[in-house]
Structures are given as C-alpha cells and as structure tokens.
Amino acid sequence: SQIHWSEKPFSCTQCGKNFSTLGNLKTHQRIHTGERPYTCSQCGKSFGQAGNLKRHQLIHTGQKPYVCAHCPKGFTKADDLRSHQRLHTGERPFICATCGKSFGQSKDYRNHVQIHTGEKPFTCSQCGKTFSNSGVLKTHEKIHSGERPFGCTQCGKSFGRLGHLKAHQQIHTGSGLTPAPTVGRLSANRVTSKPTTERPLL
C-alpha cells in the first residue's frame, strides 16, 4: 500500500522516535551512537549532520547570512539572530518561576535562577572559589592572571574591573570629590583668612 507523507513508519530502537524516511532515521541514530562522519577541513571538528557542518564552516569563511532587520548586524546561526532581535523587540520569553522576573536571553535567565537555588557551578581553577555565572568567574580570574583590560584614556592606568576604572576616572573628572575649604588658602592675588574680633595690641 502507498505510504502517506503524514505516516512515520521508521522507528528508532533506542528512544522510540518515529521518522518518515529511512535516511532521517539514520541521521537521528547518530545522536545515540555518537557517530560524526562530517569533518571540517579547516579545524578537524566533526559533526553528525551535514547541515551542522555547513553552519560551522561559516565561522571560518566569515559569512553571516542571517542579518537583523533592525540593524546591520549579521550572524552565522539563525538561533543567534532570533536571540539578538529580542534586544530590538523587547520580547522576554524566559520567566523565573520563583519571582516572575523575565529575560530576553536564556543565559541571563539561567544566571538569575541560580540566585534562588544558590547553585554555583563555575569554579576557579586557581583557588577553587565558586560562582553563580561565568561572567563573574571571568572577572575573578583576572586577579590571578594579572590581566587589566580596562585602561584609562586620561593617564593610561589600567584596571582588572570596569567598576574600578570608573571609580578612578572620578579623579580626572572631579566628580565625587569633596572640595577643600577656601578659608585660609592662598589665592593668586591675596591671602584670605578668618575674620577676627580681636583688637590689635597697643
């Protein structure tokens, strides 16, 4: 009898998932077997599906076929484009079940959830200190590496943290500094002093 397109007669013996063609089943089974027959000629990385290899090769060619409709930025993956576009649309599909806070990016959502769970899966290889997200770990690791990527444009002094640079820049801008009292200070033309009620001795 004729097989209709809606039927999926090919079933995976590992997980029971059904497929409409034998080729799709064989491609799927590589997830279970770990087979990766498609290898990148540039870096040697291998993939289970030809489509994944093609997307990977865009990294080497520099092609970014997925372009944002709101700005000129391009991406090698459609998922990255969709994630980026939420910056323009304001969409926040990732909602915390504990406090209701919403996020546009899944990584920001995952980092936030760890505040509630107390989970700190990112560990410093130098001292063993643990952190709730990778960004904080990277900032911490600069203590060990001595890396100071944030440089002052005024005097050239560099810092490991952006917050430390901003605090330093107040020296140049004068913001956040308490002005010294003017009483008793030398000026260009005269000396100022506190007024006195004492009479001169005769």
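**Notebook: charges and salt bridges**

I started at Asp108, which comes out partly exposed, its relative accessible area being 31%. A reminder to myself: this is a predicted model.

Next I looked for a partner. Which residue forms a salt bridge with Asp108? I found Lys107, with 3.5 Å between the closest N and O atoms. The cut-off I was working with is 4 Å from a Lys or Arg side-chain nitrogen to an Asp or Glu carboxyl oxygen, so this pair is counted. The general idea is that side chains of opposite charge can pair when their charged atoms come close.

**Other bridges**

How many salt bridges does a search of the whole structure find? I got three.

Another of them joins Arg82 to Asp79, and here the N to O distance is 2.2 Å. I checked where these two sit: they are three residues apart in helix H3, so about one helical turn separates them. Arg82 has 47% relative accessibility, and I noted Arg82 as partly exposed.

Then I turned to Glu35 and Arg30, which form a salt bridge with their closest N and O atoms 3.9 Å apart. Is Arg30 buried or exposed? Arg30 counts as buried, at 17% relative accessibility. The limit for buried is under 20%, so Arg30 falls on that side of the line. Glu35, on the other hand, is partly exposed, with a relative accessible area of 43%.

**Positive patch**

Which residues form a positive surface patch? My list reads Arg36, Lys45, Arg55 and Lys77.

I followed up on Lys77. This residue lies in a loop, with strand S6 (74-75) on one side and helix H3 (78-89) on the other. Its relative accessible area is 42%, so I put Lys77 down as partly exposed.

**Whole chain**

I count six helices and 12 strands in the protein chain. The chain has 202 residues, and 18% of them count as buried. Its accessible surface comes to about 15600 Å², and carbon and sulfur atoms own 51% of that.

What share of the contacts between residues at least 6 apart in sequence joins residues at least 24 apart? I wrote down 0% for the protein chain.

Key:
Residues numbered from 1 in each chain as written. Predicted model: local features only at pLDDT ≥ 70, side-chain atom pairs only at ≥ 80, totals over all residues. Heavy atoms only, no water. Patch = residues over 30% accessible without salt bridge, like charges linked within 9 Å, V, L, I, M, F, W, Y side chains within 5 Å. Areas by Shrake-Rupley, 256 points an atom, 1.4 Å probe, with all protein chains shown as cover. Lys, Arg positive; Asp, Glu negative; His and termini not counted. Charge placed at Lys NZ, Arg CZ, Asp CG, Glu CD. Helix = DSSP H or I, 4+ residues; strand = E, 2+ residues; numbered from the N terminus. Buried < 20%, exposed > 50% of the residue type's maximum accessible area, 1.4 Å probe, protein only. Contact = heavy atoms within 4.5 Å.
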